[in-house]
Amino acid sequence: VFADLAGSRATSTIGVVIFAAFVGIAYLGVKRKATKEAAFFSDLVDSLYKIIMRIVTLVLRLTPYGVFALMTNVLATSDFAAIVNLGKFVVASYVALLAVLIVHSLILIGAKVNPINYFKKAFPVLSFAFTSRSSAGALPLNIETQTKALGGDEAISNFLHCLIISINPGRFSSL
């Protein structure tokens with residue numbers, strides 16, 4: 001299971017999900033028979049979750065400095081034509097993201113959700129995802145936005161994110 005937790009195989013995500021299911025079932029069994037030990041395990045998992053989320057937050061706060069260093073390196077080692085091509089790519093990317101925003105708004109309108117209120121509440125995670133271009137990095141903030149700003153259930157939000165990761169593990173292999 002440790003090799004799977006490290007993502008060393010193509011089927012690592014499936015192994016981790018199965019292992020997590022076994023741990024969850026075992027926890028529920030212990031909770032019925034030994035509540036004190038189960039409470040200790042639950043507190044341990046909660047503590048580990050908070051520590052990991054803090055590490056993620058620290059890494060995300062350092063990200064702009066890394067991006068600045070990468071941009072400086074590109075500017076210093078590239079010729080003018082390469083930088084112009086990069087600029088064209090950035091403009092095309094922004095146009096595509098604007099199209100996605102319009103489609104997203106149309107879907108919200110179709111679902112009878114006020115897009116303005118939705119975007120106001122979801123702005124922190126949308127702006128972070130837009131600027132960082134990191135799906136994996138936006139997951140913790142996405143869960144927080146879904147539960148606190150949009151009023152969603154935390155268990156459902158966590159389950160959906162686990163489902164997203166299991167459907168496309170290659171994009172989230174760094175988690």
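Begin by selecting D4, which is buried (under 20% relative accessible area with a 1.4 Å probe, protein chains only), its own relative accessible area being 9%. The model is predicted, so local features need pLDDT of at least 70 and side-chain atom pairs count only at pLDDT 80 or more, while totals for chains, interfaces and linings use all residues. Residues are numbered from 1 along each chain as its sequence is written, and side-chain values use heavy atoms, with hydrogens and water left out.

D4 belongs to helix α1, residues 2-5, where a helix is a DSSP run of H or I with at least four residues, numbered from the N terminus. Show next the residues that D4 touches, namely R9, S12, G15 and V16, leaving aside those up to four places away in sequence; contact here means heavy atoms within 4.5 Å.

Now select helix α4, residues 80-110, whose 31 residues should span 45 Å at 1.5 Å a residue, in agreement with end C-alpha atoms that are 45 Å apart; the expected span is 1.5 Å times one less than the number of residues. Just after α4, K112 takes a positive phi of about 60 degrees.

With both helices displayed, α4 and α5 pack at an angle of about 145 degrees, their axes 12 Å apart, the axes being lines fitted to C-alpha atoms over the stretch in contact and the angles running from 0 to 180 degrees between N-to-C directions. To view this contact, select Y94, L97, L101, H104, S105, L108 and I109 of α4 together with P115, Y118, F119 and F130 of α5.

Technical notes. Helix = DSSP H or I, 4+ residues; strand = E, 2+ residues; numbered from the N terminus. Buried < 20%, exposed > 50% of the residue type's maximum accessible area, 1.4 Å probe, protein only.
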